[in-house]
Amino acid sequence: MNLFRRELKTGLKPFFFWSLGLFALIFAGIVKSSGAMSNGAFMTELIGRFPRIVVAVMGMANVDISNFGGFYAVIMQYAFVLFAVYAAHLGSAAVSRESVDRTYEFLFTKPRSRSFILAGKLLAAVVFLTVFAAFDLLFSMLAVRQIDVAGDFTGLFARFALAAWFIGLVFFSLSAMLAASFRQSERGAKAGNLAVLAAYALAVVYDLLEHPGALRLLTPFRYFLNAEIVELTFNLWFAWLSALLAAAFFSVAFFRFERRDLGAL
Amino acid sequence: MNVFRFELRRAWTSATVWTLVILGLMAGLIAGALPVFLDSRANVEAMLSNFPPEFAAAFGLELDHIFSFGGFYSFGFLYYSLFGAIMTAVIGLDLFSREKREKCTDFLMSKPRSRDGLFLAKLLAALTLILLSNVLFIAESLALYRAYAPVPDAPARALLASSALLFTELVFLAIAVFAAVFARKVRSVSGAATAIGFGGFILSALQSILEEEKLRYVTPFKYFDPSKAFFEGSFDTPYVITAVLLTLGLLIAAYIRYTRSDVPAL
């Protein structure tokens, strides 16, 4: 419990800055949306005429910015990236922070098992990730009040926030596993960040293929498709897949962390 | 000279990998998609004729710009900038936080070298890597321009447009150096670099969607617009001034801090 409380305290400052970023993205995106939506039908039709590869590179594949839901989905694509990068940071920090700060000798000589300590750290990070998703929902609801758009979007916002949480969870557990698997903490952090970048690149490839098929399994950024979320569904299959992946990554992380050499490298 | 050589030796591998990624991406995009893209013009024109004439008039003028080598080049530029920004942020953060991370600042500072000299040697090493990377990028851009542009008659403009990446990267170098020198602790170079790179990427995307002019002043990816360079032979002056002031301001602040700050015992 001491550990958990301490972890919440040390994580608060980065969390504050990441929330500020999320706030800026959502507010700027939603408050200024009317201008971009005014000729949205025209733009959507126009984009449809361009070759797939150009549309994918512009990040405008499978979107319809003629209505608010579709426009919000575009903003959320970038929020997903924010979630992924933050989650990768949380995962590698939970595993490697004591090594980087050279405080591991102090902490790991306490009468607690390594798994207990890691569990406390990961739990605190999950709390941050969850509050981050709650903030996403909150900011969206506050921002949409600033503009003149009819309808209740709470459900839409909640589905997107939930999707963002699951995407974050996958990257969080993955980077925790990678951080536990490398002896040098910087290598682990690098692998986690490269995974985010590679997944984003795969998401662009997914967009530019006519029949991507199984590629969807490889990139968490496409587990929850805009079109599905906008049309009132939440893809439970991929929510289960995310949870399963997270469970697998966490088990490997614990397994490796119990057995690894601790050091300041 | 020792510091310069040491830093180059430590940092060149990752810079090389990033450069190869950028070069490969650009070659793939232009060789693979530019011909298809140019062919799709008829399709877009057909659609425009179904819309009210004022739409077509407003947009039709831009068709010549969009469906050209320069138009296509600037679509991909978002990604070259993303990778370039991450590469530069890695270089800047890595070089300038090395002693802080490895807790050996006192070791370096007690050598008979002035702090100015150390700062300049590190900066020079970073600039060397970035310049070399961009020489390759510009050379490849010009070669692709000659090979794939329908009418490659303005190589000077292509040169200016492809140097946009270098200028953008210099802004990011200043940001990274500033962050490395002012941060109390740099726990992970790649984590901070990814955050900086994707931060620029998200801002740029947001600015493109919203088309808000004021937002462009805080969007480094948009300070140097390659499509503008292609079609008018220049960048937008107000943003160039912003970029220069930002870069110099951050570097000078970092320089002052680096040469005057106290060195912690551990």
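Student: How many aromatic pairs does the structure hold over all chains?

Tutor: A pair of aromatic rings is described by the distance of the centres and the angle of the planes. Over all chains, this structure holds 53 aromatic pairs (rings of Phe, Tyr and the six-membered ring of Trp, with centres within 6.5 Å; planes under 30 degrees apart are stacked, over 60 edge-to-face, the rest tilted). In one of them, the ring centres of Phe77(B) and Tyr80(B) are 6.4 Å apart and the planes stand at 85°, so the pair is edge-to-face. This is a predicted model, in which local features need pLDDT of at least 70 and side-chain atom pairs pLDDT 80 or more, while totals for chains, interfaces and linings use all residues. Residues are numbered from 1 along each chain as its sequence is written, chains are lettered from A and ligands numbered from 1 in the order written, and side-chain values use heavy atoms, without hydrogens and water.

Student: Where in the chain do Phe77(B) and Tyr80(B) lie?

Tutor: Both belong to helix 4 of chain B (a DSSP run of H or I, at least four residues). Because Phe77(B) and Tyr80(B) are three residues apart in that helix, about one helical turn separates them.

Student: Are Phe77(B) and Tyr80(B) buried or exposed?

Tutor: Phe77(B), at 4% relative accessibility, counts as buried (under 20%, with exposed over 50% and partly exposed in between, for a 1.4 Å probe and protein chains only). Tyr80(B) is buried as well, with 1% relative accessibility. Ala156(B), by contrast, is exposed, at a relative accessible area of 58%.

Student: Which residues form one aromatic cluster in chain A?

Tutor: Among the members of that cluster are Phe15(A), Trp18(A), Phe23(A), Phe83(A), Tyr86(A) and Phe139(A).

Student: Which residues of helix 4 of chain B meet helix 9 of chain B?

Tutor: Contact here means heavy atoms within 4.5 Å. On the helix 4 side of chain B, the residues include Leu78(B), Tyr79(B), Leu82(B), Asp94(B) and Arg101(B), and on the helix 9 side they include Val189(B), Gly197(B), Phe198(B) and Phe201(B).

Definitions and conventions: Helix = DSSP H or I, 4+ residues; strand = E, 2+ residues; numbered from the N terminus.
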